[in-house]
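Please open the model in a viewer and keep the sequence at hand.

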Amino acid sequence: MIDFDSLPQPSERRIAVHVQPAAERALRSGHPWLFDQAIRKQSHDGQPGDLAVIFDQKRRFLAVGLYDPDSPIRVRILQHWQQAAINADWFAERLRAAAAIRQPLIDQQTTGYRLVHGENDGLPGLIIDRYADTLVLKLYTAAWLPHLRDVIAGLQAIQPFDALILRLSRNMEAATLPLGLQDGQTLIGEAPEESVIFQENGLRFAADAAHGHKTGFFFDQRDNRAFVRKITSGRRVLDVFAYSGGFSVYAASGGATDVTSLDSSAPALAAAAANFALNQADTLVAAARHLTLAEDAFDGLERLYADGQRYDLVIVDPPAFAKNAAEVERALAAYTRLTGLALNVLAERGILVMASCSSRVTPDAFFSTVLRATSAAGRPCIEIKRSGHALDHPIGFPEGEYLKCLFAAVTD
Ligand code: SAH
(Lines give C-alpha, C1' and ligand atoms only; values in the text may rest on other atoms or scores of the structure.)
Protein backbone atom coordinates (compact mmCIF):
# COMPACT_ATOMS: atom_id res chain seq x y z
CA MET A 1 0.00 0.00 0.00
CA ILE A 2 1.31 3.43 -0.85
CA ASP A 3 1.65 6.28 1.64
CA PHE A 4 0.05 9.08 -0.35
CA ASP A 5 1.14 11.66 2.22
CA SER A 6 4.75 11.09 1.19
CA LEU A 7 3.98 12.26 -2.37
CA PRO A 8 4.41 15.91 -3.38
CA GLN A 9 1.25 17.93 -2.81
CA PRO A 10 -0.28 20.01 -5.60
CA SER A 11 0.41 23.70 -5.12
CA GLU A 12 -2.50 25.94 -4.18
CA ARG A 13 -1.19 28.58 -6.54
CA ARG A 14 -1.84 28.18 -10.26
CA ILE A 15 0.79 29.42 -12.71
CA ALA A 16 -0.53 31.94 -15.24
CA VAL A 17 1.00 31.39 -18.69
CA HIS A 18 0.81 33.60 -21.79
CA VAL A 19 1.70 32.07 -25.15
CA GLN A 20 2.76 32.84 -28.72
CA PRO A 21 0.03 33.08 -31.41
CA ALA A 22 0.94 29.74 -33.07
CA ALA A 23 0.61 27.92 -29.75
CA GLU A 24 -2.63 29.75 -29.14
CA ARG A 25 -4.03 28.35 -32.39
CA ALA A 26 -2.84 24.83 -31.56
CA LEU A 27 -4.38 24.95 -28.09
CA ARG A 28 -7.60 26.37 -29.45
CA SER A 29 -7.86 23.39 -31.78
CA GLY A 30 -7.41 21.06 -28.82
CA HIS A 31 -3.74 20.11 -29.02
CA PRO A 32 -2.57 18.58 -25.71
CA TRP A 33 0.97 20.01 -25.51
CA LEU A 34 2.43 23.44 -24.86
CA PHE A 35 6.17 23.60 -25.57
CA ASP A 36 8.58 25.71 -23.50
CA GLN A 37 9.54 27.86 -26.50
CA ALA A 38 5.94 28.91 -27.07
CA ILE A 39 5.67 30.62 -23.68
CA ARG A 40 5.79 34.43 -23.81
CA LYS A 41 5.64 34.97 -20.07
CA GLN A 42 4.51 33.24 -16.93
CA SER A 43 3.58 34.43 -13.45
CA HIS A 44 6.15 32.37 -11.52
CA ASP A 45 8.23 29.18 -11.64
CA GLY A 46 6.60 26.00 -10.52
CA GLN A 47 7.12 22.41 -9.50
CA PRO A 48 6.22 19.36 -11.61
CA GLY A 49 2.47 18.90 -11.47
CA ASP A 50 1.52 22.43 -10.48
CA LEU A 51 -1.51 23.53 -12.46
CA ALA A 52 -0.79 26.03 -15.21
CA VAL A 53 -3.57 28.18 -16.64
CA ILE A 54 -2.94 29.35 -20.19
CA PHE A 55 -4.31 32.62 -21.55
CA ASP A 56 -4.54 34.02 -25.06
CA GLN A 57 -3.34 37.47 -26.22
CA LYS A 58 -6.57 39.01 -24.97
CA ARG A 59 -6.15 37.39 -21.55
CA ARG A 60 -8.96 34.95 -22.18
CA PHE A 61 -8.76 31.42 -20.76
CA LEU A 62 -7.40 28.84 -23.21
CA ALA A 63 -6.56 25.74 -21.22
CA VAL A 64 -5.37 24.33 -17.93
CA GLY A 65 -2.75 21.62 -17.57
CA LEU A 66 0.12 20.04 -15.69
CA TYR A 67 3.27 22.14 -15.47
CA ASP A 68 6.50 20.28 -16.08
CA PRO A 69 9.71 22.34 -15.66
CA ASP A 70 11.87 19.34 -16.61
CA SER A 71 10.36 18.71 -20.04
CA PRO A 72 10.27 20.67 -23.31
CA ILE A 73 6.56 19.84 -23.18
CA ARG A 74 6.16 22.47 -20.48
CA VAL A 75 2.41 22.06 -19.99
CA ARG A 76 0.34 18.93 -20.67
CA ILE A 77 -3.24 20.05 -21.15
CA LEU A 78 -5.96 18.48 -19.06
CA GLN A 79 -8.82 20.71 -20.10
CA HIS A 80 -9.37 23.07 -23.04
CA TRP A 81 -11.84 25.90 -23.58
CA GLN A 82 -13.42 26.16 -20.14
CA GLN A 83 -12.16 26.43 -16.58
CA ALA A 84 -12.41 23.42 -14.28
CA ALA A 85 -11.41 22.35 -10.80
CA ILE A 86 -8.93 19.52 -11.29
CA ASN A 87 -9.70 17.04 -8.51
CA ALA A 88 -10.78 13.43 -7.91
CA ASP A 89 -14.23 14.13 -9.36
CA TRP A 90 -12.73 15.64 -12.48
CA PHE A 91 -10.44 12.62 -12.92
CA ALA A 92 -13.36 10.23 -12.32
CA GLU A 93 -15.29 11.98 -15.09
CA ARG A 94 -12.40 11.65 -17.56
CA LEU A 95 -11.90 8.01 -16.60
CA ARG A 96 -15.61 7.32 -16.99
CA ALA A 97 -15.53 8.78 -20.50
CA ALA A 98 -12.51 6.62 -21.36
CA ALA A 99 -14.19 3.51 -19.96
CA ALA A 100 -17.34 4.19 -22.01
CA ILE A 101 -15.34 4.13 -25.26
CA ARG A 102 -14.00 0.66 -24.38
CA GLN A 103 -17.37 -0.78 -23.44
CA PRO A 104 -17.99 -2.59 -26.76
CA LEU A 105 -14.71 -4.47 -26.33
CA ILE A 106 -15.34 -5.98 -22.99
CA ASP A 107 -16.88 -9.42 -22.68
CA GLN A 108 -16.03 -12.87 -21.40
CA GLN A 109 -13.61 -13.29 -24.30
CA THR A 110 -11.58 -10.14 -23.79
CA THR A 111 -10.51 -9.05 -20.31
CA GLY A 112 -7.32 -7.18 -21.21
CA TYR A 113 -7.43 -3.73 -22.78
CA ARG A 114 -6.13 -0.18 -22.52
CA LEU A 115 -8.42 1.84 -20.30
CA VAL A 116 -6.60 5.16 -20.68
CA HIS A 117 -4.46 6.06 -23.68
CA GLY A 118 -2.74 9.22 -22.46
CA GLU A 119 -3.24 12.37 -24.55
CA ASN A 120 -5.86 10.63 -26.66
CA ASP A 121 -8.14 10.28 -23.65
CA GLY A 122 -7.40 13.75 -22.30
CA LEU A 123 -4.92 12.51 -19.68
CA PRO A 124 -1.53 13.32 -21.23
CA GLY A 125 1.42 11.22 -20.09
CA LEU A 126 -0.77 8.70 -18.26
CA ILE A 127 -1.55 5.15 -19.40
CA ILE A 128 -3.80 2.67 -17.64
CA ASP A 129 -4.05 -0.90 -18.89
CA ARG A 130 -6.41 -3.47 -17.49
CA TYR A 131 -5.38 -7.13 -17.16
CA ALA A 132 -8.51 -8.87 -15.85
CA ASP A 133 -8.72 -7.66 -12.24
CA THR A 134 -5.31 -5.96 -12.19
CA LEU A 135 -4.78 -2.39 -13.33
CA VAL A 136 -1.39 -1.13 -14.45
CA LEU A 137 -0.87 2.62 -14.31
CA LYS A 138 2.12 3.98 -16.20
CA LEU A 139 3.39 7.52 -15.78
CA TYR A 140 5.57 9.30 -18.31
CA THR A 141 6.19 12.45 -16.25
CA ALA A 142 6.69 13.38 -12.60
CA ALA A 143 3.98 16.01 -13.12
CA TRP A 144 1.46 13.26 -12.32
CA LEU A 145 2.84 12.49 -8.86
CA PRO A 146 0.98 15.26 -6.96
CA HIS A 147 -2.26 14.06 -8.59
CA LEU A 148 -1.78 10.33 -8.14
CA ARG A 149 -4.02 10.18 -5.09
CA ASP A 150 -6.88 11.86 -6.98
CA VAL A 151 -6.41 9.70 -10.07
CA ILE A 152 -6.57 6.54 -7.98
CA ALA A 153 -9.62 7.84 -6.09
CA GLY A 154 -11.23 8.50 -9.49
CA LEU A 155 -10.40 4.97 -10.64
CA GLN A 156 -11.89 3.45 -7.51
CA ALA A 157 -15.02 5.48 -8.09
CA ILE A 158 -15.59 4.19 -11.62
CA GLN A 159 -14.79 0.49 -11.56
CA PRO A 160 -13.70 -2.27 -9.17
CA PHE A 161 -10.22 -3.82 -9.36
CA ASP A 162 -8.14 -6.08 -7.13
CA ALA A 163 -4.64 -4.73 -7.60
CA LEU A 164 -2.92 -1.66 -9.00
CA ILE A 165 0.66 -1.75 -10.26
CA LEU A 166 2.71 1.38 -10.90
CA ARG A 167 5.01 1.63 -13.92
CA LEU A 168 7.37 4.57 -14.36
CA SER A 169 9.14 5.70 -17.50
CA ARG A 170 12.92 5.72 -17.15
CA ASN A 171 13.19 9.54 -17.24
CA MET A 172 11.30 9.69 -13.92
CA GLU A 173 13.92 7.95 -11.78
CA ALA A 174 15.42 11.15 -10.37
CA ALA A 175 11.99 12.28 -9.18
CA THR A 176 10.67 8.96 -7.91
CA LEU A 177 13.67 7.30 -6.23
CA PRO A 178 13.79 9.82 -3.33
CA LEU A 179 10.07 9.21 -2.80
CA GLY A 180 10.63 5.47 -2.54
CA LEU A 181 8.51 4.80 -5.62
CA GLN A 182 9.69 2.02 -7.87
CA ASP A 183 8.86 0.88 -11.35
CA GLY A 184 6.74 -2.27 -10.99
CA GLN A 185 5.63 -1.54 -7.42
CA THR A 186 2.19 -2.73 -6.33
CA LEU A 187 0.29 0.29 -5.01
CA ILE A 188 -2.96 -1.41 -4.08
CA GLY A 189 -3.80 -5.05 -3.41
CA GLU A 190 -1.60 -8.13 -3.62
CA ALA A 191 1.45 -8.15 -5.89
CA PRO A 192 0.79 -10.62 -8.72
CA GLU A 193 2.88 -13.82 -8.53
CA GLU A 194 4.92 -13.35 -11.66
CA SER A 195 2.50 -12.45 -14.37
CA VAL A 196 -1.12 -11.51 -14.77
CA ILE A 197 -3.38 -13.73 -16.84
CA PHE A 198 -6.09 -12.29 -19.05
CA GLN A 199 -8.04 -13.16 -22.17
CA GLU A 200 -8.07 -11.65 -25.60
CA ASN A 201 -10.64 -12.87 -28.13
CA GLY A 202 -10.93 -16.11 -26.17
CA LEU A 203 -7.17 -16.77 -26.08
CA ARG A 204 -5.29 -16.71 -22.79
CA PHE A 205 -2.16 -14.66 -22.23
CA ALA A 206 0.18 -14.01 -19.32
CA ALA A 207 1.83 -10.60 -19.09
CA ASP A 208 4.70 -9.53 -16.89
CA ALA A 209 2.91 -6.35 -15.88
CA ALA A 210 5.58 -5.29 -13.38
CA HIS A 211 8.60 -5.62 -15.69
CA GLY A 212 7.56 -6.24 -19.31
CA HIS A 213 7.77 -3.75 -22.20
CA LYS A 214 5.29 -0.86 -21.77
CA THR A 215 2.86 -2.46 -19.29
CA GLY A 216 3.56 -6.05 -20.33
CA PHE A 217 1.49 -6.55 -23.48
CA PHE A 218 0.71 -4.72 -26.72
CA PHE A 219 -3.06 -4.40 -26.79
CA ASP A 220 -2.89 -2.03 -29.77
CA GLN A 221 -2.37 -4.98 -32.16
CA ARG A 222 -5.49 -6.87 -31.03
CA ASP A 223 -7.48 -6.36 -34.25
CA ASN A 224 -4.48 -7.09 -36.44
CA ARG A 225 -3.83 -10.31 -34.53
CA ALA A 226 -7.51 -11.25 -34.94
CA PHE A 227 -7.17 -10.75 -38.70
CA VAL A 228 -4.01 -12.89 -38.75
CA ARG A 229 -6.03 -15.66 -37.11
CA LYS A 230 -8.43 -15.59 -40.07
CA ILE A 231 -5.74 -16.13 -42.70
CA THR A 232 -3.35 -18.69 -41.21
CA SER A 233 -5.16 -21.98 -41.78
CA GLY A 234 -2.71 -24.59 -43.07
CA ARG A 235 0.12 -22.07 -43.31
CA ARG A 236 3.70 -21.93 -42.07
CA VAL A 237 4.06 -18.67 -40.15
CA LEU A 238 7.10 -16.62 -39.15
CA ASP A 239 6.52 -13.97 -36.45
CA VAL A 240 9.46 -11.56 -36.40
CA PHE A 241 9.86 -9.29 -33.33
CA ALA A 242 7.45 -11.70 -31.65
CA TYR A 243 7.82 -10.45 -28.04
CA SER A 244 5.52 -12.68 -25.93
CA GLY A 245 3.99 -14.31 -29.00
CA GLY A 246 0.76 -12.33 -29.39
CA PHE A 247 0.65 -12.82 -33.16
CA SER A 248 2.15 -16.33 -32.88
CA VAL A 249 -0.60 -17.68 -30.62
CA TYR A 250 -3.33 -16.20 -32.83
CA ALA A 251 -1.65 -17.72 -35.90
CA ALA A 252 -1.64 -21.16 -34.25
CA SER A 253 -5.25 -20.72 -33.20
CA GLY A 254 -6.12 -19.93 -36.81
CA GLY A 255 -4.79 -23.32 -37.86
CA ALA A 256 -1.17 -22.61 -38.81
CA THR A 257 0.79 -25.86 -39.05
CA ASP A 258 4.09 -24.32 -37.96
CA VAL A 259 4.72 -21.10 -36.06
CA THR A 260 8.20 -19.67 -35.58
CA SER A 261 8.62 -16.80 -33.10
CA LEU A 262 11.80 -14.77 -33.61
CA ASP A 263 12.98 -12.13 -31.12
CA SER A 264 16.34 -11.01 -29.76
CA SER A 265 15.06 -11.35 -26.19
CA ALA A 266 15.21 -14.84 -24.64
CA PRO A 267 12.82 -13.87 -21.78
CA ALA A 268 10.28 -12.63 -24.37
CA LEU A 269 10.47 -15.98 -26.16
CA ALA A 270 10.08 -17.85 -22.87
CA ALA A 271 6.89 -15.82 -22.38
CA ALA A 272 5.78 -16.76 -25.92
CA ALA A 273 6.29 -20.45 -25.09
CA ALA A 274 4.34 -19.95 -21.86
CA ASN A 275 1.50 -18.35 -23.81
CA PHE A 276 1.35 -21.38 -26.12
CA ALA A 277 1.21 -23.58 -23.02
CA LEU A 278 -1.71 -21.53 -21.67
CA ASN A 279 -3.74 -22.25 -24.81
CA GLN A 280 -3.36 -26.01 -25.15
CA ALA A 281 -7.11 -26.45 -24.68
CA ASP A 282 -7.44 -24.90 -28.15
CA THR A 283 -6.99 -27.94 -30.39
CA LEU A 284 -5.48 -25.89 -33.21
CA VAL A 285 -2.90 -24.29 -30.90
CA ALA A 286 -2.12 -27.73 -29.47
CA ALA A 287 -1.63 -29.12 -32.99
CA ALA A 288 0.71 -26.37 -34.23
CA ARG A 289 4.47 -26.86 -34.03
CA HIS A 290 6.01 -23.86 -32.24
CA LEU A 291 9.65 -22.96 -32.58
CA THR A 292 11.42 -20.01 -30.93
CA LEU A 293 14.54 -18.33 -32.34
CA ALA A 294 16.50 -15.94 -30.12
CA GLU A 295 18.46 -13.76 -32.50
CA ASP A 296 18.65 -10.36 -34.11
CA ALA A 297 15.82 -9.99 -36.63
CA PHE A 298 18.01 -8.77 -39.50
CA ASP A 299 20.63 -11.51 -38.99
CA GLY A 300 17.96 -14.12 -38.35
CA LEU A 301 16.08 -13.33 -41.56
CA GLU A 302 19.35 -13.54 -43.55
CA ARG A 303 20.19 -16.86 -41.95
CA LEU A 304 16.73 -18.37 -42.49
CA TYR A 305 16.96 -17.36 -46.15
CA ALA A 306 20.40 -18.90 -46.51
CA ASP A 307 19.13 -22.06 -44.82
CA GLY A 308 16.33 -22.31 -47.38
CA GLN A 309 13.52 -21.85 -44.84
CA ARG A 310 10.31 -20.52 -46.38
CA TYR A 311 7.02 -19.39 -44.83
CA ASP A 312 3.52 -18.75 -46.15
CA LEU A 313 2.93 -15.79 -43.87
CA VAL A 314 5.55 -13.49 -42.39
CA ILE A 315 4.70 -10.93 -39.71
CA VAL A 316 7.16 -8.11 -39.00
CA ASP A 317 6.26 -5.90 -36.02
CA PRO A 318 9.43 -4.07 -34.96
CA PRO A 319 9.86 -1.61 -32.06
CA ALA A 320 9.62 2.12 -32.85
CA PHE A 321 12.51 3.10 -35.12
CA ALA A 322 11.89 6.87 -35.18
CA LYS A 323 11.43 8.68 -31.88
CA ASN A 324 12.07 12.09 -33.40
CA ALA A 325 11.86 13.77 -36.79
CA ALA A 326 15.59 13.35 -37.52
CA GLU A 327 15.26 9.58 -37.35
CA VAL A 328 12.46 9.24 -39.90
CA GLU A 329 14.73 8.64 -42.92
CA ARG A 330 16.65 5.96 -41.07
CA ALA A 331 13.41 4.33 -39.96
CA LEU A 332 12.10 4.22 -43.54
CA ALA A 333 15.39 2.66 -44.64
CA ALA A 334 14.98 0.00 -41.94
CA TYR A 335 11.40 -0.74 -43.09
CA THR A 336 12.66 -1.07 -46.67
CA ARG A 337 15.36 -3.48 -45.59
CA LEU A 338 13.02 -5.55 -43.40
CA THR A 339 10.49 -5.78 -46.24
CA GLY A 340 13.18 -7.16 -48.56
CA LEU A 341 14.44 -9.64 -45.97
CA ALA A 342 10.92 -10.82 -45.14
CA LEU A 343 10.09 -11.30 -48.84
CA ASN A 344 13.22 -13.46 -49.24
CA VAL A 345 11.74 -16.03 -46.88
CA LEU A 346 8.16 -15.67 -48.11
CA ALA A 347 6.92 -18.58 -50.22
CA GLU A 348 5.06 -18.11 -53.49
CA ARG A 349 1.67 -16.49 -52.98
CA GLY A 350 2.59 -15.84 -49.38
CA ILE A 351 1.26 -13.03 -47.24
CA LEU A 352 3.36 -10.28 -45.74
CA VAL A 353 2.21 -8.42 -42.61
CA MET A 354 4.28 -5.30 -41.92
CA ALA A 355 3.63 -3.06 -38.92
CA SER A 356 5.11 0.22 -37.73
CA CYS A 357 4.62 1.85 -34.33
CA SER A 358 6.89 4.83 -35.03
CA SER A 359 4.61 7.83 -34.48
CA ARG A 360 6.88 10.07 -36.56
CA VAL A 361 6.41 7.90 -39.64
CA THR A 362 3.10 8.80 -41.28
CA PRO A 363 0.74 6.10 -42.61
CA ASP A 364 1.35 7.32 -46.19
CA ALA A 365 5.11 7.21 -45.83
CA PHE A 366 5.03 3.76 -44.27
CA PHE A 367 2.61 2.10 -46.70
CA SER A 368 4.28 3.56 -49.77
CA THR A 369 7.75 2.63 -48.49
CA VAL A 370 6.75 -0.99 -47.93
CA LEU A 371 4.95 -1.28 -51.27
CA ARG A 372 7.89 0.30 -53.10
CA ALA A 373 10.21 -2.20 -51.42
CA THR A 374 8.05 -5.11 -52.59
CA SER A 375 8.30 -3.93 -56.20
CA ALA A 376 12.03 -3.28 -55.86
CA ALA A 377 12.45 -6.85 -54.60
CA GLY A 378 10.67 -8.15 -57.73
CA ARG A 379 7.81 -9.51 -55.58
CA PRO A 380 4.89 -7.21 -56.37
CA CYS A 381 2.00 -7.47 -53.93
CA ILE A 382 -1.66 -6.71 -53.81
CA GLU A 383 -2.93 -5.06 -50.69
CA ILE A 384 -5.36 -7.04 -48.60
CA LYS A 385 -5.82 -4.54 -45.82
CA ARG A 386 -4.38 -1.41 -44.26
CA SER A 387 -5.14 -0.91 -40.63
CA GLY A 388 -4.15 0.79 -37.43
CA HIS A 389 -5.00 0.60 -33.76
CA ALA A 390 -7.71 -1.25 -31.97
CA LEU A 391 -10.62 0.62 -30.39
CA ASP A 392 -8.95 1.06 -27.01
CA HIS A 393 -6.26 3.24 -28.65
CA PRO A 394 -8.36 6.15 -29.90
CA ILE A 395 -6.64 8.98 -31.76
CA GLY A 396 -7.07 12.35 -30.08
CA PHE A 397 -4.34 14.36 -31.81
CA PRO A 398 -2.14 13.91 -34.90
CA GLU A 399 0.79 12.37 -32.98
CA GLY A 400 -1.64 9.82 -31.50
CA GLU A 401 -1.90 7.96 -34.81
CA TYR A 402 1.18 5.80 -34.53
CA LEU A 403 0.32 2.22 -35.45
CA LYS A 404 0.18 1.22 -39.09
CA CYS A 405 -0.23 -2.32 -40.38
CA LEU A 406 -0.23 -3.55 -43.96
CA PHE A 407 -1.42 -6.98 -45.09
CA ALA A 408 -0.27 -7.73 -48.62
CA ALA A 409 -0.30 -10.88 -50.76
CA VAL A 410 2.58 -11.63 -53.10
CA THR A 411 1.12 -12.24 -56.55
CA ASP A 412 3.86 -14.49 -57.97
N1 SAH B 1 4.75 -8.24 -32.04
C2 SAH B 1 4.75 -8.09 -30.60
C3 SAH B 1 5.32 -6.77 -30.14
C4 SAH B 1 6.72 -6.48 -30.61
S5 SAH B 1 7.57 -5.40 -29.55
C6 SAH B 1 3.35 -8.29 -30.06
O7 SAH B 1 2.39 -8.36 -30.83
O8 SAH B 1 3.21 -8.38 -28.84
C9 SAH B 1 9.16 -5.38 -30.22
C10 SAH B 1 10.00 -6.62 -29.93
O11 SAH B 1 11.18 -6.50 -30.73
C12 SAH B 1 10.50 -6.78 -28.50
O13 SAH B 1 10.13 -8.04 -28.00
C14 SAH B 1 12.04 -6.72 -28.61
O15 SAH B 1 12.68 -7.68 -27.77
C16 SAH B 1 12.26 -7.09 -30.04
N17 SAH B 1 13.47 -6.56 -30.68
C18 SAH B 1 13.98 -5.32 -30.62
N19 SAH B 1 15.06 -5.19 -31.43
C20 SAH B 1 15.23 -6.41 -32.02
C21 SAH B 1 16.15 -6.93 -32.98
N22 SAH B 1 17.11 -6.16 -33.50
N23 SAH B 1 16.00 -8.20 -33.36
C24 SAH B 1 15.02 -8.98 -32.87
N25 SAH B 1 14.12 -8.55 -31.97
C26 SAH B 1 14.22 -7.27 -31.54
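Buried means under 20% relative accessible area, exposed over 50%, and partly exposed in between, with a 1.4 Å probe and protein chains only. The model is a predicted one, in which local features need pLDDT of at least 70 and side-chain atom pairs count only at pLDDT 80 or more, while totals for chains, interfaces and linings use all residues. Residues are numbered from 1 along each chain as its sequence is written, and side-chain values use heavy atoms, with hydrogens and water left out.

**First stop: a single residue**

Select Thr374, which is placed in helix H11. Helices (H or I, at least four residues) and strands (E, at least two) are DSSP runs, numbered from the N terminus. Thr374 has a relative accessible area of 2% and is therefore buried. Contact means heavy atoms within 4.5 Å. With neighbours within four places in sequence left aside, the contacts of Thr374 are Thr339, Leu343, Leu352, Arg379, Pro380 and Cys381.

**Second stop: two helices**

Now select H10 (residues 328-344) and H11 (residues 363-376), whose axes come within 9 Å and cross at roughly 40°. Because of that angle, H10 is oblique to H11; angles under 35 degrees count as roughly parallel, over 145 as roughly antiparallel, 65 to 115 as roughly perpendicular and the rest as oblique. The axes are lines fitted to C-alpha atoms, for helices over the stretch in contact, and angles run from 0 to 180 degrees between N-to-C directions. On the H10 side, the residues that meet H11 are Leu332, Tyr335, Thr336, Thr339 and Leu343; on the H11 side they are Ala365, Phe366, Thr369, Val370, Ala373 and Thr374.

Display the open sheet of five strands, ordered S7-S8-S9-S10-S11 with mixed pairing. Two strands pair if DSSP finds at least two bridges between them. S7 and S11 (186-188) stand at the edges with a single partner strand each, so one side of each has no neighbour in the sheet.

S7 (residues 112-117) pairs with S8 in the antiparallel sense over five bridges, and Tyr113 has Arg130 as its bridge partner. S8 also runs antiparallel to S9 (residues 134-139), joined by six bridges. Leu126 stands opposite Leu139 in S9, and Tyr131 has Thr134 as its bridge partner. Finally, select Ala132: in the hairpin of S8 and S9, with two residues between the strands, Ala132 takes a positive phi near 55°.
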